[in-house]
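Student: Could you take me through one part of this structure closely? I'd like to see how it sits in the whole thing.
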Amino acid sequence: MGFWARAKRHPSFVLGAVLTLLMAGAALLSLFWSPYPPAEIDIPNKLQAPSAVHWLGTDSLGRDIASQLLVGAQNSIVVGVIAVGIGLGLGVFFGSLASARRGWVEELVMRAADFTFAFPALLSAIMLTAIYGPGLVMSIVAIGIFNIPVFARITRGAANAVWAREYVLAARTSGKGGVRITLDHVLPNIASQLIVQATISFATAILAEAALSYLGLGTQPPQPSWGRMLNEAQTQMFQAPLLAVYPGVAIVLSVLGLNLLGDGLRDLMDPKLARRR
Amino acid sequence: MLVFLLRRFATFVLTLMVASAVVFAVLELLPGNAAEIILGDTATPESLAALNTKLGLDRPPLTRYASWIGGLVRGQTANSISYDTPTAELIVERLRVTLPLAVLAMALSVVLALSLGIYAASRHNGLGDVGVMAASQVGIAIPNFWFAILLILLFAVKLQWVSAGGFPGWSEDDGGGLWDGLKALILPAIALALVQAAILARVTRSAVLEVMREDFVRTARAKGLTRRQALWRHVLRNAMIPVLTIMGLQFANLVTGTIVVENVFVLPGIGRLIFQAISNRDLIVVRDVVMLLAAVVVVVNFVVDVLYALIDPRLRHA
């Protein structure tokens, strides 16, 4: 059976893909249209209950919640794409280098990766914000830095297995160098594992960005973000409890979607593993 | 074994040294002038010079680094800029909230995760297994600070059983007490434990399933042990290795989770301290607390490595 035929029968892949497409669709739609401008303040209509006019109601400044949620999806996607991009780009580079060179280069890369784990994204973000002030860029950099060792380790582990194969030996005897072999043989063979990890890291990045924005260290006003919406909602919990529910649901659905998609892809790309689970 | 321990210990010390060098470089060298950051753009040259002398910023970087590390090792830390007390005192005071919270959260998550994981494995592919797996998948996707907010919504806003945040203190002189203190930590601990438990339950389940397929378990069953006896006597001990590994890796999440959740519940712990230090531009506190948290993560990973060398002799030679 082909990949798509199997994919269509895989429940977590289908559910994950639907949820991920919903998030991407919301972000895409909000580029062209949202019910109201998300940052438009309308004090007379503050803390409205959900209605036909404001589908999910308004916040303490009268801003439309549905519009903020839609535009907030853009924010999560931007953070996810760039932070995973940083991790993927540098991590794959260092991981491949470690695997192709072995010896002290490998030792150095892996020890550096071990050491970066001592700085979870939030700690790096705290250090960076203490100096440069809070902001979207700092949170992306912090999450990106945390992703580098994640991808470096996976790349090196998977690439070492490829380097031990006969076809790589054949390529070496035919005179191909380390860079050529990495590009022609190693990377195509480990791509599926990297795609799976990228999906899961994307979900982690959304969670980390939401936490940073909640603390006020991430996205700054007036750009809407799900984490900051929760922070603002917490001050209104007695008057408008639902405000603290919607952004959380948006985060959970996005993260759940990406995690399910990642699990599904792993099963579909590595059927041996799927049977053992 | 001794060689393994020595090698691992050397890496541990080296990691701590590199981590401290990075913290120092990022917070003291990179910004150019820490005094300017602390005082802001409007500071006069005289006040900048005075603060530079007070913080010792006019000394060469290597001397500053050495005196910082020396101070940390001896427990004699620099004074916080905003509180004007040694950071070690501030940290110790705040740890009285953070440490019990982290321990409580860890304990809750281990109990929850092991029971759910073992239950799911014993009902492999059954309804209970599918239910636990689905619930854990959702649990992993829930941000701990949002779960914390939901707990406040339910127990403080709707049911009004507890207050929405704050910490009464451990002693009755502060107006609190042991029970009041614990009560204030229960919801934060549950919020922290949920995500940890969701991940650990999945690891426990797959580790138990993996070990149950091993030959020695079949031998144990063939000897006449029931499924349950085999599980308790042979499977669990072996399944604990991956569980312990993930627990170690998860610890970093618990540390950062504590920072966020303390802020949700307005608990006067380490997380709150560092957060206020950022607002107050108190770089001394930020530096020492970040170093402490990074060191905690490194120490826990070291302890986990040593522990599983003790559990599984094969790993010592790997």
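Tutor: Helix α10(B) has a kink of about 50 degrees, centred on Val235(B). The bend at a residue is the angle between axes fitted to the seven residues ending there and the seven starting there. Helices here are DSSP runs (H or I, at least four residues; strands are E, at least two), numbered from the N terminus. Keep in mind that this is a predicted model: local features need pLDDT of at least 70, side-chain atom pairs count only at pLDDT 80 or more, and totals for chains, interfaces and linings use all residues. Residues are numbered from 1 along each chain as its sequence is written, while chains are lettered from A and ligands numbered from 1 in the order in which they are written.

Now look at the length of α10 (residues 227-264) of chain B: its end C-alpha atoms span only 45 Å, whereas a straight helix of 38 residues would span 56 Å at 1.5 Å a residue. The expected span is 1.5 Å times one less than the number of residues. Back in chain B, just after α10(B), Val266(B) takes a positive phi of about 50 degrees.

Zooming out, chain B has 12 helices and 0 strands. Its C-alpha trace spans about 85 × 60 × 35 Å along its principal axes, and buried residues make up 36% of its 318 residues.

Then there's the partner chain. The contact takes 31 residues from chain A and 35 from chain B, where two residues are in contact if their C-beta atoms, placed from the backbone, lie within 7 Å. Among the elements giving two or more residues to chain A's side are α5 (121-132) and α10 (246-269) of chain A. Val286(B) shows the two chains meeting: leaving aside its neighbours within four places in sequence, Val286(B) is in contact with residues including Ile126(A), Met127(A) and Ala130(A), plus Leu27(B) and Ile274(B).

Key. Buried ≥ 20, exposed ≤ 12 C-beta atoms within 10 Å, placed from the backbone.
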